[in-house]
Amino acid sequence: RLHGRGAGAVPAVLPGAHGRAHDGAARVAPELAALVDAVLRREACIVEKLKALFVQAVKFGLVGVINTLVDYLSYTLLLFIPFFAENYVLAQIIGYSLGLCNSLVLNKRWTFAQREPMTRRQLACFLAVNLAALAVSTGILVLTQERMQMNRYIGKAISVVGSMAVNFVGNKLLVFREQRG
């Protein structure tokens, strides 16, 4: 009940008068508590998703280190064979390909925790993502070397970061995306 009309109306029951003013607050409190609870659950869900994304990114980086070792060691060992010592580009292609195969297996099974068999679509997307990452890496390398006259090792490091970003996003969103039931 209100005394008066319009904007100047005041509640008939003032706070503390027989406790009736608290009735409205008692009705609002559970709704407010439910809203706060929903917001906190949503924030917790977002935090959990960010943690999971961070863990995947770290795993992806570790797989990248292993891939690089597989590539480099394979290349180095192949150079001990006279044929590959003369055909080092072929040794590079084989080493890179072995690192790529390692990447596919470890990222599928460990980083993105997928157990089902590889599909043709996944394989095609994996190859496309890696070609895109190679193009980005090469583009950054050329840009830093030829246009910016940067130190070649710093340029290479920047190109690796660019390549990893394209690779991670492409693998997460296209190759190993979560299937929604």
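Modeller: Please do. Start with helix 4. Its buried residues are Gln122, Cys125, Phe126, Val129, Asn130, Ala133, Ser137 and Thr144. Keep in mind that this is a predicted model.

Colleague: What makes a residue of helix 4 count as buried?

Modeller: The cut-off is a relative accessible area under 20%. Phe126 is among the residues of helix 4 that pass this test. Across the chain, buried residues make up 22% of the 181 residues.

Colleague: What do the buried residues of helix 4 pack against?

Modeller: They pack against helix 3 and helix 5, the latter covering residues 152-175. Take Phe126 as an example. Leaving out residues up to four places away in sequence, Phe126 touches Leu100, Ser103, Leu104, Asn171 and Val175.

Colleague: How do you know that Phe126 touches Leu100?

Modeller: Contact means heavy atoms within 4.5 Å. Leu100 is on the contact list of Phe126, so the pair meets that limit.

Colleague: Which residues make up the largest nonpolar core?

Modeller: There are 10 in all: Phe60, Leu100, Leu104, Phe112, Cys125, Phe126, Val129, Phe168, Val175 and Phe176. Helix 3, helix 4 and helix 5 each give at least two residues to this core. Helix 4 supplies the largest share, 3 residues.

Colleague: How do you know that the length of helix 4 is close to what is expected?

Modeller: Helix 4, residues 120-147, has 28 residues and reaches 39 Å from its first C-alpha to its last. At 1.5 Å a residue, 40 Å is expected. The two values are close.

Colleague: What comes just after helix 4?

Modeller: Gln149 does, with a positive phi of about 55°. Gln149 has this phi although it is not a glycine. Its place is in the loop between helix 4 and helix 5.

Colleague: Why is Gln149 called exposed?

Modeller: Exposed means over 50% relative accessible area. Gln149 has 60%, so it counts as exposed. Ala113 also takes a positive phi, about 50°, without being a glycine. It lies in the loop between helix 3 and helix 4. At 53% relative accessibility, Ala113 is exposed too.

Colleague: What makes Asp37 and Arg41 a salt bridge?

Modeller: The limit from side-chain nitrogen to carboxyl oxygen is 4 Å. Asp37 and Arg41 meet at 2.8 Å, N to O, so the pair qualifies. The structure holds 2 salt bridges. Lys51 and Glu48 form a salt bridge as well, with their closest N and O atoms 3.6 Å apart.

Colleague: Is Asp37 exposed or partly exposed?

Modeller: Partly exposed, at 37% relative accessibility. Lys51 is partly exposed at 47%, and Glu48 is partly exposed at 47%.

Colleague: Which residues form the nonpolar patch on the surface?

Modeller: Val28, Leu32, Leu35, Val36, Val39 and Leu40. Together they have about 530 Å² of accessible area. Leu40 is found in helix 1, residues 22-78.

Colleague: Why is Gln92 called partly exposed?

Modeller: Gln92 has a relative accessible area of 34%, so it lies between the 20% and 50% limits. Its place is in helix 3, residues 88-111. Not counting residues up to four places away in sequence, Gln92 touches Asp71 and Tyr75.

Colleague: How many helices and strands does the chain have?

Modeller: It has 5 helices and 2 strands. Along the sequence the pattern reads β-β-α-α-α-α-α.

Definitions and conventions
Residues are numbered from 1 along each chain as its sequence is written. This is a predicted model: local features need pLDDT of at least 70, side-chain atom pairs count only at pLDDT 80 or more; totals for chains, interfaces and linings use all residues. Side-chain values use heavy atoms; hydrogens and water are left out. Patches are made of residues with over 30% relative accessible area and no salt bridge: like charges are joined within 9 Å, nonpolar side chains (Val, Leu, Ile, Met, Phe, Trp, Tyr) within 5 Å. Accessible areas come from the Shrake-Rupley method with a 1.4 Å probe; for residues, only the protein chains shown count as cover. Helices (H or I, at least four residues) and strands (E, at least two) are DSSP runs, numbered from the N terminus. Buried means under 20% relative accessible area, exposed over 50%, partly exposed in between (1.4 Å probe, protein chains only). The expected span of a helix is 1.5 Å times one less than its number of residues. A nonpolar core is a set of buried Ala, Val, Leu, Ile, Met, Phe, Trp, Tyr and Cys residues joined through side-chain atoms within 4.5 Å.
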